[in-house]
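Me: I have a model open and want to go through some spots in it. Can we take them one by one?

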Amino acid sequence: MDWTCPMHAEVVRPASGSCPSCGMALEPREIGAEPEDGGELLDMTRRLWIAALFSAPALVIAMTRPIPWLELALATPVVLWCAAPLFQRGLQSLAQHSLNMFTLVGLGIGVAYAYSIAALFTHGALYFESSAVITTLVLLGQVLELRARRRTGAAIRALLELTPPTARRLLPNGSDEDVALNDVAVGDRLRVRPGERVPVDGVVASGESYVDESMLTGESSPVAKRAGDIVVGGTVNGNGALIMLAQRVGDDTTLARIVTMVGEAARTRAPVQRLADAIAAIFVPAVIAISVATFFAWLAFGPHHALSLAVVNAVSVLIVACPCALGLATPMAITAASGRGANLGVLFKNAEAIETLGRASVLAIDKTGTLTEGRPRVSAMVAHPDVNVTDSFLTLAAAVESVSEHPIASAIVEYARERGVAIPEALRVVAVAGKGISGDVSEHDVAIGNDALMRDRHVDAAALDAEARTLRERGASVAFVAVDGRLAGIFAVSDPLKPGARDAIDELRREGLHVVMLTGDHATAARAVADAAGIGDVRADVLPERKAQIVGELRNGQRIVAVAGDGINDAPALATADVGIAM
């Protein structure tokens with residue numbers, strides 16, 4: 001296993017240790033499912049407690065009734081044993097010609113302690129308690145850092161532990177056997193019994209069930225799965241039995257790729273971090289130079305016998321100016337944000353995205369599947385008077401929509417299945433971005449989509465305009481269906497607002513963000529959803545290309561714009577934004 005520095009990704013070592021550039025503890029490049037031993041955290045915690053145990057009385061004695069030799073006895077174990085790792089990293093920085101915070105800490109503690117020993121025999125001022133307390137505070141910072149990093153790793157390991165250790169593989173003779181997950185190969189047929197976790201990513205070969213995918217999508221409602229549907233490793237099978245075909249195993253599974261992505265994001269360098277590194281490169285030598293200058297300035301211009309004042313002020317410069325926050329706060333913030341995000345199902349591509357998102361002032365958000373649940377249901381079906389609903393209209397529409405993955409398409413197909421309609425095969429299916437879909441079914445030309453698609457195909461939709469307007473005012477999306485160039489009917493598809501969406505929008509506004517809804521849906525239906533969500537700025541009836549143009553216009557106002565959408569239909573807008581959030 002390789003180990004790397006969270007601040008300097010170019011530093012890679014075959015074993016644990018400290019970074020030669022900054023002194024930070026190295027961490028594994030890959031986070032495994034097994035718990036880490038926590039050896040360094042235990043060691044630093046032990047040193048912290050012992051340092052605190054000896055430093056507290058040393059400080060009290062020095063501030064009340066000084067007892068020099070007792071102060072020496074209390075400070076010595078703190079400086080010589082508890083601070084040993086700090087001195088080791090400071091010496092390593094000198095050997096590597098890469099000065100860092102441990103250079104300053106080591107110099108400050110060492111000088112204060114050494115001067116105090118000399119002062120015992122010259123009756124000068126003593127700073128034993130300072131060297132001990134400084135050691136204790138620096139160790140406290142190290143323990144907090146290690147705990148934060150361990151919590152981040154634990155959140156990611158919790159995801160990995162969602163996959164079961166074994167899988168039940170079907171043999172050619174019809175029997176099955178339990179095998180270790182690492183022994184599962186692409187193409188293996190696996191049995192997933194009721195209540196079990198799906199072992200790897202794959203496709204359902206046979207069987208029907210409902211699968212809980214909340215660990216991946218955050219949605220609590222189980223998703224129906226049947227032959228041909230995709231299943232993801234780590235999700236929980238419901239009451240039905242499934243036979244699946246393994247397609248992605250090992251490091252190629254969705255969960256494994258999530259862990260890899262989070263690890264890479266935590267190790268990327270945000271612009272502010274690169275600035276901090278550049279400053280730190282000259283900051284430490286400058287602090288040492290100022291400390292030396294302070295020492296000689298007090299000697300030259302201070303009061304009589306100013307040696308003790310010169311030492312304490314020089315040491316103060318070293319300690320107070322230690323760039324702990326400059327060097328550690330940024331990488332730790334990025335690591336904590338990446339780990340916490342992974343635990344909530346939020347993945348960051350890199351550290352720059354985290355920084356940019358924090359400065360966003362405008363959020364343009366899609367409607368379907370983003371503000372709404374993304375599981376629309378057909379709430380009404382209105383056929384043209386000349387069309388037989390069961391035999392023609394619904395059958396043809398479901399056939400074309402069965403090829404599409406759009407939420408509205410899924411709703412129409414599910415509606416047809418619930419009514420027991422047989423769904424024939426559709427040929428030459430073509431999706432028109434932002435408008436709808438068309439195809440050939442049983443020698444009929446079928447088109448399903450919005451008003452724009454009907455206009456493109458010269459279909460007169462006036463006969464059902466009144467019904468469509470009424471349905472939209474209720475917040476439903478309306479899909480027109482044309483068969484052989486003539487209007488056949490309309491579907492009203494309702495997609496309820498996600499629970500908590502209104503609260504989320506209110507919170508975003510309190511954070512100072514201007515929220516804009518961008519949707520290809522009709523303005524009336526979009527306004528109904530926007531009103532329910534509390535969004536005042538609505539841009540409806542916009543195609544994907546127009547969404548990108550609107551985002552560009554918003555950015556022209558010198559504002560940082562984030563876009564949240566489904567990642568497919570909203571791809572142009574996501575790419576145009578300063579930060580794209582794919583749901």
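Me: Leaving aside neighbours within four places in sequence, which residues is alanine 58 in contact with?
Reply: This is a predicted model. Alanine 58 is found in helix H1, residues 39-63. Neighbours within four places in sequence are left out; the contacts of alanine 58 are then Leu74 and Glu129.

Me: Is alanine 58 buried or exposed?
Reply: The cut-off for buried is under 20% relative accessible area. Alanine 58 has 1% relative accessibility, so it counts as buried.

Me: How far apart in space are alanine 58 and alanine 73, C-alpha to C-alpha?
Reply: In sequence, alanine 58 and alanine 73 are 15 residues apart. In space, C-alpha to C-alpha, the distance is 9.0 Å.

Me: With which side chain does the side chain of aspartate 366 make a polar contact?
Reply: Aspartate 366 is found in the loop between strand E13 (362-365) and strand E14 (377-383). Aspartate 366 is buried, at a relative accessible area of 7%. Beyond four places in sequence, its contacts include Leu518, Asp566 and Lys547. The polar contact, at 3.3 Å, is with the side chain of lysine 547.

Me: Which residue in E9 stands opposite valine 211?
Reply: Strand E8 covers residues 209-212 and is joined to E9 by 3 bridges. The two run antiparallel. Opposite valine 211 stands valine 223.

Me: Why is strand E18 largely enclosed by the rest of the structure?
Reply: Ser477, Ala479, Val481 and Val483 point one way from E18. Val478, Phe480 and Ala482 point the other way, and all are buried. E18 is largely enclosed because the buried residues number 7 of the 7.

Me: Which residue in E19 stands opposite alanine 479?
Reply: E18 pairs with strand E19 (residues 486-494) over 7 bridges, in the antiparallel sense. Opposite alanine 479 stands phenylalanine 491.

Me: Which residue takes a positive phi in the hairpin of E18 and E19?
Reply: The hairpin has 2 residues between the strands. The positive phi is near 55°, and the residue is aspartate 484.

Terms used. Residues numbered from 1 in each chain as written. Predicted model: local features only at pLDDT ≥ 70, side-chain atom pairs only at ≥ 80, totals over all residues. Heavy atoms only, no water. Pairing = 2+ DSSP bridges. Helix = DSSP H or I, 4+ residues; strand = E, 2+ residues; numbered from the N terminus. Buried < 20%, exposed > 50% of the residue type's maximum accessible area, 1.4 Å probe, protein only. Contact = heavy atoms within 4.5 Å. Polar contact = N/O pair within 3.5 Å; in protein donor to acceptor, adjacent residues only side chain to side chain.
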